[in-house]
Amino acid sequence: EGFITYMDPPVLILQAWCSDQPPKSSMEILSKPLLHPTSLEGNIHSSRRREIFATDMFEERLEALGSLAQMFTSTRGHIVVRVHAPLTNSTNDQLFEIYVLGGDRNVQSHHGPYRVRKKESG
């Protein structure tokens, strides 16, 4: 829980390859609102809700998660992250996008752009 609180990720990608993933306790931690919401000209994260993409969730797992299953933006498909070059000479001004591809490798949905947040160590 401390790691999630420290990193405060607005976007997560979960590789669900087993029928008991993700654990309900992990989803309860991830359901907490963002501490530092980001926004890109009124983009999604002003809502303080995390966007969670999963590669291939088992239907039984989604049912077992109950209302926590509503947290997922996507529950199947290939997840592609496209990171753009910095907009200026500053690395603090960089964007990324998420694409969800179907089994045929066609784009099923597009999300973003999102602003890259630099986390200071320490």
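Analyst: Y6 counts as partly exposed, at 35% relative accessibility; buried means under 20% relative accessible area, exposed over 50%, and partly exposed in between, with a 1.4 Å probe and protein chains only as cover. This is a predicted model, where local features need pLDDT of at least 70, side-chain atom pairs count only at pLDDT 80 or more, and totals for chains, interfaces and linings use all residues. Residues are numbered from 1 along each chain as its sequence is written, and side-chain values use heavy atoms, leaving out hydrogens and water.

User: Which helix is Y6 in?

Analyst: Y6 sits in helix α1, residues 2-7. Helices (H or I, at least four residues) and strands (E, at least two) are DSSP runs, numbered from the N terminus.

User: And what nonpolar surface patch is made there, by which residues?

Analyst: F3, Y6 and M7 make a nonpolar patch of about 300 Å². Patch members have over 30% relative accessible area and no salt bridge; like charges are joined within 9 Å and nonpolar side chains (Val, Leu, Ile, Met, Phe, Trp, Tyr) within 5 Å. A salt bridge here is a side-chain nitrogen of Lys or Arg within 4 Å of a carboxyl oxygen of Asp or Glu. The areas come from Shrake-Rupley with a 1.4 Å probe, and for residues only the protein chains shown count as cover.

User: Switching to strands. Is β2 buried or exposed on its faces?

Analyst: Both faces of β2 (residues 51-54) are covered: E51 and F53 are buried on one side, I52 and A54 on the other.

User: Which strands does β2 join by bridges?

Analyst: β1 (residues 11-14) runs parallel to β2, with four bridges, and β3 (residues 72-74) is also parallel to β2, with two bridges. Strands pair if DSSP finds at least two bridges between them. F53 is the bridge partner of I13, and in β3 F53 is partnered by S74.

User: What unit do β2, α3 and β3 make?

Analyst: A right-handed β-α-β unit, with α3 at residues 59-65. Right-handed means that, with the strands pointing away from the viewer, the path from the first strand over the helix to the second runs clockwise.

User: And the whole chain, what's the pattern?

Analyst: Along the sequence the pattern is α-β-α-β-α-β-β-β-β, with three helices and six strands. Buried residues make up 34% of the 122 residues.
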